[in-house]
Amino acid sequence: MFQVNNFTVRMKKFIKVNSSVLSIIFSFFALAPLIAQTENGNIWSDKNRLAFGNHLFCEKDYLRAIDEFQCVLIKNWNDTLQFKIATSYFRMKHYDKAFNEFEKFTPNSSMYLQSENEKFRTLFLSENYSSMQNKIKNSKRYSGNNSIELLRLLNSSMLLTNAELPQKSKFISIYENEDKNILSEFYNWKENPPYKNPTIAAILSIIPGLGKIYADEIGDGITSFVLTGLFTYLAINKFQNNQQTSAWIYTGLSAFFYSGNIYGSYTATQNYNAGIKFNFENEVKIFVNDRNQFLPTPKFLCD
Amino acid sequence: MSKKIVILFISFSSIFPIKAQKLNNQKFFADSLFASENYFDAITEYKRLQFFSKKNGKYFESNFKIALSYKAGGKYDNAIKYFNLAKRDAKLLEDSIQIDLQIIRTNILRRTIPEALFLIEKFEVKNVGRIDTSLINYWTGWAYLVNDDWESASQEFSKIDKFHQLKMLSDSVFSAKYSVPLAKFISSVLPGSGQFYTGNYWSGVFSLAWNLFGGYLTINAFLTDRTFEGILMGSLIWARFYRGNLTNAEKFAIKENNKISNNAYKFLMEKYLGEKP
């Protein structure tokens, strides 16, 4: 008991004598975490810029997120960050920039495969089908024949270009069973598109309106038939009654309507063909996009 | 002993002000960007401020400034989103009123006029006795004005002052505008007169000439007992020119009215010194 009291007294004496020194030592220990805090608390540090960039990315403020990521990336290359920059452009539908950013991944990169997939996806969505097909065919995975996703995307994109399709059974075999029927229909359409021949339409227009009816414009066809018929009748009638001036006016009008009927039938058929091609391509795009271009979709924490 | 306490206090307290200091600096930086009208960067820095000052309750001002920046940048949907966020954190009634007005003004700029009018009505009911009614009339007038309804705009501005500058402007625009139904009506009586009324004289002359020609052919055919030909001429030629004449009269009246409105909007944008949405 005496020893303890003696120690306490001595300590008190020591503290009293050295109070200033002790305060400084204590302050140093108190400031130590502060120095660390300054590093972490620096909102412009790479770590904090990255955190802020991720926050913006999750908030879908991609343009600002890119700025933050790029500031960090400029000092240290980081695959994930580069991928996020490219994805940000992709999500803003800036496909050209997204492609260029995905293109920066080298085969040594751990995210090369994902970036390659995204490049194909970007090209598909920007409707650069031929370029996408060439890139798929040049990729190692395609030549190694070990990526069914790429084959599916490639085949589907061929429906949208003039590329020659493989045999039907081969074309369809790579797809899921539930997709085979619709792809079979697409294949048939592509091989034998239900186009109408503009020349046939023009020939049919010898009988006014028939070419238009052939081009699925039944109302226009009937109008064309009635008008041309009427003016021709009037012209003949005038000639028979020796009313030369009127007769020639009506002859001119019927010739005008008749030639217009032939030309109109020709263009109506072209329009018809363009319309059904547009609808077909739209259906294919919807089909492919519904399946995320057959490629695995990258997921981020906030997705 | 007291000396020790002071040193210890400084040591402890110095940990916290650093962060607050940095956030203050950040706020100052964002404010300076906002003040220099560098709105894109201002938004980034306010968002950064918010991100690093979580739980510090600094959302009202930053959200409000973000909203104003978006508004200035023409991103009205985002502006409204952030005004609403600012409103959520507003503690003072004046702030809340200010935000409500900004939302109304943004809707006017966004040309979602029914929404703006609905919000004005709601705002008026909510703040009876608290706000000057001239404020309500002023923004209602602006909503009508942007909606190209100059007569209603004039009525609203006249409630503030019978000689209010915007009332005079609305009146002058309203009186300068052509009546579309009148243009069509007079053209239906005398083809081409609607075009004359709107100052498109050549079009009026051609319209009249074509109608006279079509009318002559038709009437002449009937008078010479060529009934079938008369029907054909009337329905295919005369009717076509007559319908074209009516369409033209309407089209020109609308076109000229748009010109008048656009000149007024140009004046409001460039020369009007009062408060704008």
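## A helix running through chain A

The expected span of a helix is 1.5 Å times one less than its number of residues. Keep that rule in mind for α16 of chain A, which covers residues 244-290 and so has 47 residues. In this predicted model, the distance from the first C-alpha of α16(A) to its last is 67 Å, close to the expected 69 Å. After the helix comes A:Asn292, with a positive phi near 50°.

## Chain B at a glance

Let us turn to the partner chain. Chain B has 14 helices and zero strands, so its pattern along the sequence can be written as α-α-α-α-α-α-α-α-α-α-α-α-α-α. Of the 277 residues in chain B, 42% are buried. Taking contacts in chain B between residues at least 6 apart in sequence, 52% join residues at least 24 apart.

In soluble globular proteins, nonpolar side chains tend to be buried together. Here, the largest nonpolar core has 72 residues, and those that touch the most other members are B:Ile99, B:Ile108, B:Trp139, B:Trp142, B:Leu145, B:Leu166 and B:Leu268. Helix α8 of chain B, residues 133-146, gives the most to this core, with seven residues. Apart from this core lies another, of 30 residues, including A:Tyr175, A:Ile276, A:Val284 and A:Val288.

B:Leu145 is worth a look on your screen. Beyond its neighbours within four places in sequence, B:Leu145 is in contact with B:Trp150, B:Ala153, B:Phe157, B:Ser170, B:Tyr265 and B:Leu268. Of these partners, B:Leu268 is also among the core residues that touch the most other members.

## A cavity in chain B

Rolling a probe the size of a water molecule over the atoms shows where empty space is left. Two or more lining residues come from each of α6 (93-109), α7 (113-126) and α8 of chain B.

Helix α8(B) provides the largest share of this lining, three residues. What classes of residue make up the lining of the largest cavity? By class, there are seven nonpolar, no polar and no charged residues.

The largest pocket has about 410 Å³ of space. It is lined by 19 residues, with A:Asp61, A:Arg64, B:Tyr70, B:Lys75 and B:Asn78 lying nearest its centre. Helix α4 (62-73) of chain A, along with α3 (39-52), α4 (59-72) and α5 (76-89) of chain B, each give two or more residues to the lining. The largest share, four residues, comes from α3(B). By class, the lining has eight nonpolar, three polar and eight charged residues.

The second largest pocket has a volume of about 340 Å³. Among its 18 lining residues, A:Ile249, A:Tyr250, B:Leu217, B:Met233 and B:Ile237 lie nearest the centre. At least two lining residues come from each of α15 (218-240) and α16 of chain A and α13 (201-223) and α14 (227-270) of chain B. Here we meet α16(A) again, as it gives the most to this lining, with six residues. The lining of this second pocket divides into 13 nonpolar, three polar and two charged residues.

Notes
Residues numbered from 1 in each chain as written. Chains lettered and ligands numbered in written order. Predicted model: local features only at pLDDT ≥ 70, side-chain atom pairs only at ≥ 80, totals over all residues. Heavy atoms only, no water. 1 Å grid on protein atoms, 1.4 Å probe; cavity = no way out; pocket = protein on both sides within 12 Å on 5 of 7 lines; lining within 4 Å. Points joined across faces, edges and corners; volume = space filled by probe spheres on them. Nonpolar A, V, L, I, M, F, W, Y, C, P; charged D, E, K, R; others polar. Core = buried A, V, L, I, M, F, W, Y, C linked by side-chain atoms within 4.5 Å. Buried < 20%, exposed > 50% of the residue type's maximum accessible area, 1.4 Å probe, protein only. Contact = heavy atoms within 4.5 Å.
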